[in-house]
Amino acid sequence: MKPTTIDAFHAALPPEDRVICDRLRAIIDGALPDAQSKIWHAHPVWFLSGNPIVGYGRLKSGPRLLFWSGQSFETAGLVPSGRFKAAEIRYGSAAAIKADRLEAWLDEARRIQWDYKNIVKRKGQLLRLV
């Protein structure tokens, strides 16, 4: 059974991954207090005005943090992911999370957004929102 809440998602993780995701969640919640967070496509995701901004999930190699508009960010450290504007970083330990860099990405995620909310309606075309 797939988790329906972020707390349930975390509870189902192996202990070492739970520590990483707990840290990610705390930093994201602190930087985006006005964002709506929920389980979306089986992973914790944060939204601003209905548009997905940041989320994470567990891969075989460990937790992956994904920014939907991350390829447009200036702060280094993210790797392109998929065929749109997303970029990611993978973590092997909570110590690898650099809070100042993550906070910089979260600031950019607020300022740089592509319209993923309407991508289906626009038949795969992304438009820049901010």
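Reader: I'm new to this one. What does "partly exposed" mean for a residue like Arg111?

Author: Partly exposed sits between buried, under 20% relative accessible area, and exposed, over 50%. This is a predicted model, and in it Arg111 counts as partly exposed because its relative accessibility is 47%.

Reader: Which residue does Arg111 form a salt bridge with?

Author: Its partner is Asp107, and the closest N and O atoms are 3.0 Å apart. Both residues belong to helix H3 (residues 99-111), 4 residues apart, which is about one turn of the helix. Asp107 is partly exposed too, at 40%.

Reader: How many salt bridges are there in the whole structure?

Author: A search turns up 7. Take Arg25 and Asp7, whose side chains meet at 2.6 Å, N to O. That pair ties together distant parts of the chain: Arg25 is in helix H2 (residues 15-31) and Asp7 in helix H1 (residues 6-11), 18 residues apart.

Reader: Is Asp7 buried or exposed?

Author: Exposed, because its relative accessibility is 51%. Arg25, at 22%, counts as partly exposed.

Reader: And what about Arg64: where is its salt-bridge partner?

Author: Look for Glu88; the closest N and O atoms of the two are 3.1 Å apart. Here the link runs between strands, with Arg64 in S4 (residues 62-67) and Glu88 in S6 (residues 87-90), 24 residues apart. Arg64 is partly exposed at 24%, whereas Glu88 is buried, with a relative accessible area of 8%.

Definitions and conventions
Residues numbered from 1 in each chain as written. Predicted model: local features only at pLDDT ≥ 70, side-chain atom pairs only at ≥ 80, totals over all residues. Heavy atoms only, no water. Salt bridge = Lys/Arg side-chain N within 4 Å of Asp/Glu carboxyl O. Helix = DSSP H or I, 4+ residues; strand = E, 2+ residues; numbered from the N terminus. Buried < 20%, exposed > 50% of the residue type's maximum accessible area, 1.4 Å probe, protein only.
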